[in-house]
Amino acid sequence: ITRPEFDPEVAPLPPGGATFIATLQGANPFGAALEAAQAEAGDSFDLTALFGLLIGGNAITHILEDPQ
C-alpha cells in the first residue's frame, strides 16, 4: 500500500518484490537485495516492474550511498 498524494493505493508486488524491499530495509546493499529477490523468485523477478511500482507510488524516500 502506498500513499501518493495521501490517497492510499493498493498494488500487488511482483514475485520477489517483498524480499527485495525487506532486504533493503534491513540496511543491506542493493546487490544483496537483488540476490535475495532472485533467489526467491528466480527468472520471474522483474526489477523494472518493481521500481515502476515504487517510483509511481512515491515509496522511495531516500537513497543512501556506500561511504566506502
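**Helices at an angle**

Me: Roughly parallel or roughly perpendicular: which describes α1 and α3 in this predicted model?
Reply: Helices here are DSSP runs (H or I, at least four residues), numbered from the N terminus. α1 and α3 (residues 47-56) pack at about 65 degrees, with axes 10 Å apart; axes are lines fitted to C-alpha atoms over the stretch in contact, and angles run from 0 to 180 degrees between N-to-C directions. Since under 35 degrees counts as roughly parallel, over 145 as roughly antiparallel, 65 to 115 as roughly perpendicular and the rest as oblique, α1 and α3 are therefore roughly perpendicular.

Me: Which residues of α3 does α1 meet?
Reply: Contact means heavy atoms within 4.5 Å. From α1, G17, F20 and I21 take part, and their partners in α3 are L47, L50, F51 and L54.

Me: How far apart are the end C-alpha atoms of α2?
Reply: The expected span is 1.5 Å times one less than the number of residues. For the 12 residues of α2 (30-41) that gives 16 Å, which agrees with the model's distance of 16 Å.

Me: Which helix do the buried residues of α2 pack against?
Reply: Buried means under 20% relative accessible area, exposed over 50% and partly exposed in between (1.4 Å probe, protein chains only). A33, A37 and A41 are buried; they fall within an arc of 45 degrees (directions from the helix axis to the C-beta atoms), so they line one face of α2. On the other side, E35 and A39 are exposed. The buried residues pack against α1 (17-25).

A note on the numbers: residues are counted from 1 along each chain as its sequence is written. In this predicted model, local features need pLDDT of at least 70 and side-chain atom pairs count only at pLDDT 80 or more, while totals for chains, interfaces and linings use all residues, and side-chain values use heavy atoms, leaving out hydrogens and water.

Terms used:
Helix = DSSP H or I, 4+ residues; strand = E, 2+ residues; numbered from the N terminus.
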